[in-house]
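The sequence and the structure come first.

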Amino acid sequence: MIAAMANHLLQSTLFALAAGLVALALRKNHARSRHGVWLAVSVKFLVPFALLSEIGSRIGMSLLPATPTPAHPATIAPMFFPFPAPGGGNAALPVPTSSHALTTILWIAWAVGCAAVILPWCVRWRRMARLVRSASPLPTHASGLPVRSCEWSVEPAVFGILHPVLLLPAGLAERLPADQLEAILAHELCHVRWRDNLAGVIHMVAQAIFWFYPLLWWLGGRLVEERERACDEEVLRQGSDPEVYAASILKACEVCLETPLPCISGVTGGGLAKRIERIMTGSLGTGLGLGKKLLMAAAGLVAVTAPLLIGLLNAPRSAAQTPETGPPPAFEVASVKPTTVSVNPGRFTAMDVSLKMLIQFAYGVKEFQISGGSAWIGNDHWEIEVKCDGTVTDSHRKLMVQTLLADRFQLKFHRENREISVYALAVGKNGPKLGPPKQEEKKRIFMQPAPQGLKLVGIRTTMQSLVGFLGMLLDRTVLDKTGLAGEYDFEAAWMPDETQAMGMRIVGTQTDRAGPSLAAALQESLGLKLESTKGPVEFLVIDYAEKASGN
């Protein structure tokens, strides 16, 4: 969650910087255009790119279900999401308790700050609502906008979003000449026509959520300033005299208090001194030309389509079917039913296995490489009995199980790469200590009990087979960084620890025997070093699965 928040704030800040450049290019144009640019920034804080990217990914999955995952998203996505989640989603690496405690503290701090911002606004809103309800209707109507007079000396302001009401302090209509009152009414009608109160609420929501981010508070000031300036320009364009209009604003300031909420559009906010100066100089700004309109349209289009396109390009193909062309191989007869029967290794029968175990077998992945799905995929167990040709190879049998998972469990998933903690096997400083292969022997790699705990034996073994075996033993991906080709013979004795469940099951309770660690044994006996690092690992993310009916 912290990484997602960091990504979102970085993306929104970059978006704000780009919007600032656009607003700078529009500095001589109408203030309403710049207000729209800054409002887009506020909306961006409420709509993370991750949401748009996910929508694009879902679209890509539905449109291109059989397309292989492209290679380029691995380099494009980090540009938009540079902060990875801790652990990269590796279920085999537990998150420290201290991280959970820190996350809880941060959530509590955020909630307290959010409440400290929202509660005063709610109190002021209720106060204004009571004022409106107690205000007296005035016969003056501004183009259908109801006008009310209240006893409190609040500035002329529009209250409400769906049913706006113009609120005037008692006696102001009598104290202002008709032309000045008309100018104030024209100003407030601009707020109503442009839905400025709704824009104010949108920014207030963003400001409450990201109360800790100073950029949002600065942005609120820019929105109010450009909002009031836009209304001033419109009033002057409608023909109001600058001196009369400026005098009406100053008169309202003399007898009124500023509105208590930024989502209540008044007449006296937005940097009064600069406003009066612009009004008296007749600074109206110019309309947008075709070039700038195209610039703003292109910027908006890029802001929306870029994350959608990233998600579309990053959409992994659906893995419910095999990558081969033609009908996938299938078993002649298959029976699937829940059971608690133990393993029977005599036949091709999977007993007491979970769906997650079947996925591990069918797709050759480790348990931590499977994410998503409901809890039952790992908790519920099944008995699988199949009938097939006796000449079927192991690889072909795995394809058959893939078909069975798609047909009977309706399994659908996609693949994605994640940067997580892995091991790298490399040549040590003094070079490898690997023997020549015994050509007359059968290729194999295995473990056996030894005085020091366990012995790893490799006969005509490649480095690819070694890292695969180490990955199974350590339950973590091991990358081959040795650069060694060919086949080798080797032996290495070590004492497994609690992180090596497979080795501990063989050793049992005899953990008092002295022996080096696995990494030390590999270094000493094979001249290979095993180091922890970060690397890309393919994950299977389950999109959908349902329990198979027993038969």
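## Charges over rings

A charge is taken to sit over a ring if NZ of Lys or CZ of Arg is within 6 Å of the ring centre and within 35 degrees of the ring normal. By that criterion, the charged end of arginine 418 sits over the ring of phenylalanine 539, 4.6 Å from the ring centre. The charged end of lysine 398 likewise sits over the ring of phenylalanine 361, at 5.9 Å from its centre.

## Basis of the values

The model is predicted: local features need pLDDT of at least 70, side-chain atom pairs count only at pLDDT 80 or more, and totals for chains, interfaces and linings use all residues. Residues are numbered from 1 along each chain as its sequence is written, and side-chain values use heavy atoms, with hydrogens and water left out.

## Overall composition

The secondary structure of the chain comes to 18 helices and 14 strands; helices (H or I, at least four residues) and strands (E, at least two) are DSSP runs, numbered from the N terminus. Of the 551 residues in the chain, 42% are buried, where buried means under 20% relative accessible area, exposed over 50% and partly exposed in between (1.4 Å probe, protein chains only).

Contact means heavy atoms within 4.5 Å. Among the contacts in the chain with a separation of 6 or more, 77% join residues 24 or more positions apart.

## Aromatic pairs

Rings of Phe, Tyr and Trp (its six-membered ring) pair if their centres lie within 6.5 Å; planes under 30 degrees apart count as stacked, over 60 as edge-to-face and the rest as tilted. By this rule the count comes to 9 aromatic pairs. One of them joins tryptophan 211 and phenylalanine 212 in an edge-to-face arrangement, with 5.6 Å centre to centre and 90 degrees between the planes. Tryptophan 211 is partly exposed, with a relative accessible area of 25%, and phenylalanine 212 is partly exposed as well, at 34%. Both belong to one aromatic cluster formed by Phe45, Phe210, Trp211, Phe212 and Tyr213.

Tyrosine 363 and phenylalanine 413 form another edge-to-face pair, 4.9 Å centre to centre and with 85 degrees between the planes. This pair links distant parts of the chain, since tyrosine 363 is in helix α13 (residues 355-363) and phenylalanine 413 is in strand β9 (residues 412-427), 50 residues apart. Tyrosine 363 is buried, with a relative accessible area of 13%; phenylalanine 413 is buried, with a value of 1%.

## The second largest pocket

On a 1 Å grid over the protein atoms alone, a cavity is a set of points where a 1.4 Å probe fits but cannot get out, and a pocket is an open set with protein on both sides within 12 Å along at least five of seven lines; lining residues have an atom within 4 Å of a point. Grid points are joined across faces, edges and corners, and a volume is the space filled by probe spheres set on the points.

The second largest pocket holds about 650 Å³ of space. Its lining has 26 residues, of which Phe15, Phe49, Ala299, Gly300 and Ala303 are the closest to its centre. At least two lining residues come from each of α1 (2-25), α2 (31-46), α3 (49-63), α4 (73-80) and α12 (290-313), and α12 gives the most, with 8 residues. The lining divides into 22 nonpolar, 3 polar and 1 charged residues; Ala, Val, Leu, Ile, Met, Phe, Trp, Tyr, Cys and Pro count as nonpolar, Asp, Glu, Lys and Arg as charged, and the others, Gly among them, as polar.

## Cavities

A search of the whole structure finds 2 cavities of 30 Å³ or more. The largest cavity has a volume of about 80 Å³, and its lining comprises 5 nonpolar, 3 polar and 2 charged residues.

The elements that give two or more residues are α9 and α11 (272-281), and α9 has the largest share, 4 residues. By class, this lining has 2 nonpolar, 1 polar and 5 charged residues.

## Aspartate 232

Leaving aside neighbours within four places in sequence, aspartate 232 is in contact with His187, Tyr245, Ile249, Arg275 and Ile279.
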